[in-house]
Amino acid sequence: MSTSHDDVTIRPITGPDEIDLFNRLPYTINHELSDDLAGHRRRPEWMWVAVRGDRLLARVAWWGRGDDDAPLLLDILDVDDTTEDLTEVAQALYETAAKQVLAPGAVPPEYGRFIPANWREDPDAHRAVRLRMGVLENTGAHLTVERLRLEWKPAAGVPAPDKRLVFRPVGDTDELVALMTRALDGTLDAHSRADLARMSPHEAAVMHYEQEFAAYSSPREWWRIGTLGEDGEPVGFVVPARNAYHPVIAYLGVVPEHRGHGYVDGLLAEGTRVLAGENVPRIRAATDLDNVPMANAFARAGYVNFERAINMAW
């Protein structure tokens with residue numbers, strides 16, 4: 001489908017042959033888009049452009065996990081910020097594309113965007129972030145959370161282990177889900193709190209496991225439970241993994257009765273050690289801006305805040 005607004009044409013891309021056109025607007029994940037198309041995490045009909053002649057004015061795209069009938073995330077909404085104000089073009093692009101991509105009456109999937117760590121201090125970055133947020137706010141979206149994107153590199157060194165803890169692999173899915181359920185008590189994570197507002201902790205843990213952990217192709221033997229001594233009581237767990245893009249610390253949790261004793265540092269050190277042992281060039285992680293204890297733990301372990309992310313929802 002293609003529609004025209006005066007001299008602007010709004011349409012989906014034709015396929016991989018138009019990735020170069022789609023990537024004329026810069027963004028940190030442009031280099032991933034070809035592989036995403038090949039891996040069916042994106043589809044041409046989920047990737048739309050607004051063009052005037054041969055100039056790309058704006059673009060929008062959704063992402064899925066490869067076998068989904070509908071996208072799970074809106075993660076690209078870009079505008080050519082170099083000349084005139086194209087807010088109205090971006091608005092028309094999103095609304096036109098969303099009517100074709102999303103099911104009628106469905107709640108749109110969450111919007112996520114990576115942004116500079118100093119976006120509030122940099123006038124150009126602030127203006128760009130606010131323009132994109134404003135387009136979606138006009139459709140009813142609101143900011144749900146701002147997150148820190150974190151990165152560890154080998155030069156930082158593997159953090160020291162916690163000699164109080166002994167680590168073993170996760171026994172089975174039920175054991176991990178049970179620990180995840182307990183760790184949700186008192187969570188500071190905004191997405192988890194939103195889940196708990198509409199489902200039980202066990203249901204939230206199962207959903208998280210099935211939607212994320214079950215899809216990892218990296219070995220489950222990497223996942224660790226930290227206990228107080230051999231065969232001791234679990235204090236928490238860490239899930240080091242590889243997603244479709246990077247080695248990651250996918251999840252880390254301390255059960256409520258063992259919080260406040262610094263065990264988070266040992267769990268993070270173990271997850272980092274597991275991935276570092278695979279000679280990875282980097283490890284990625286993320287935590288909410290307001291989750292200060294977790295952010296501080298990552299900083300102590302040598303993780304650097306290289307970027308931020310915002311999420312918006314309808």
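Predicted model: local features only at pLDDT ≥ 70, side-chain atom pairs only at ≥ 80, totals over all residues.

Me: Why is Glu 233 called partly exposed?

Reply: The relative accessibility of Glu 233 is 40%. Buried means under 20% and exposed means over 50%, with partly exposed in between, so at 40% Glu 233 counts as partly exposed. You will find Glu 233 in the loop between strand E9 (224–228) and E10.

Me: What does Glu 233 touch, leaving out residues up to four places away in sequence?

Reply: Glu 233 touches Gly 226, Thr 227, Leu 228, Glu 257 and His 258. Arg 55 is elsewhere: its C-alpha atom and that of Glu 233 are separated by 61 Å, and the two are 178 residues apart along the chain.

Me: What makes Asn 279 exposed?

Reply: Its relative accessible area is 70%. Exposed means over 50%, so Asn 279 is exposed. Asn 279 sits in the loop between H8 and E12.

Me: What is said about the phi of Asn 279?

Reply: Asn 279 has a positive phi, about 55°, although it is not a glycine. His 40 has a positive phi as well, near 65°, and is likewise a residue other than glycine. The place of His 40 is the loop between helix H2 (33–38) and strand E3 (47–52).

Me: How do you know whether Leu 179 is buried or exposed?

Reply: Take its relative accessible area, which is 4%. The cut-off for buried is under 20%, so Leu 179 is buried. Leu 179 belongs to helix H5, and beyond residues up to four places away in sequence it touches Ile 225, Pro 234, Phe 237 and Val 255. Leu 179 and Gly 253 are 74 residues apart in sequence, with 8.1 Å from C-alpha to C-alpha.

Me: What makes a group of residues a nonpolar core, and how many residues has the largest one?

Reply: The residues must be buried, of nonpolar kinds such as Leu, Phe or Trp, and joined through side-chain atoms within 4.5 Å. The largest such core has 46 residues. Those with the most contacts inside it are Leu 176, Phe 213, Trp 223, Phe 237, Ile 249 and Tyr 303. Among the elements that give two or more residues to this core are strand E7 (142–152), helix H5 (173–183), strand E10 (234–242) and strand E11 (247–254). There is also a second, separate core of 34 residues, which includes Trp 46, Val 79, Leu 86 and Leu 136.

Me: Which residues are in contact with Tyr 303, leaving aside its neighbours within four places in sequence?

Reply: They include Leu 150, Trp 152, Ile 249, Leu 268, Ile 283 and Phe 298.

Me: How do you know that the reach of H4 is close to the expected one?

Reply: H4 has 15 residues.

Me: Which elements do the buried residues of H4 pack against?

Reply: They pack against E5, H3, E6, E7 and strand E13 (304–313). The buried residues of H4 include Ala 128, Val 129, Leu 131 and Arg 132. For H7, the buried residues are Ala 204, Ala 205, Met 207 and Tyr 209, and they pack against H5 and helix H6 (190–196).

Me: What makes a residue part of a pocket lining, and which element gives the most to the lining of the second largest pocket?

Reply: A lining residue has an atom within 4 Å of a pocket point. H4 gives the most to this lining, with four residues. The second largest pocket has a volume of about 300 Å³ and is lined by 18 residues, with Pro 26, Asp 78, Arg 113, Ala 128 and Arg 132 nearest its centre. The lining divides into 10 nonpolar, two polar and six charged residues.

Me: What is Pro 108 in contact with, leaving aside neighbours within four places in sequence?

Reply: Pro 108 is in contact with Tyr 94, Leu 102 and Trp 314. Contact means heavy atoms within 4.5 Å. Pro 108 lies in the loop between H3 and E6. The C-alpha atoms of Pro 108 and Trp 314 are separated by 6.5 Å, although the residues are 206 apart along the chain.

Notes:
Residues numbered from 1 in each chain as written. Heavy atoms only, no water. 1 Å grid on protein atoms, 1.4 Å probe; cavity = no way out; pocket = protein on both sides within 12 Å on 5 of 7 lines; lining within 4 Å. Points joined across faces, edges and corners; volume = space filled by probe spheres on them. Nonpolar A, V, L, I, M, F, W, Y, C, P; charged D, E, K, R; others polar. Buried < 20%, exposed > 50% of the residue type's maximum accessible area, 1.4 Å probe, protein only. Expected span 1.5 Å × (residues − 1).
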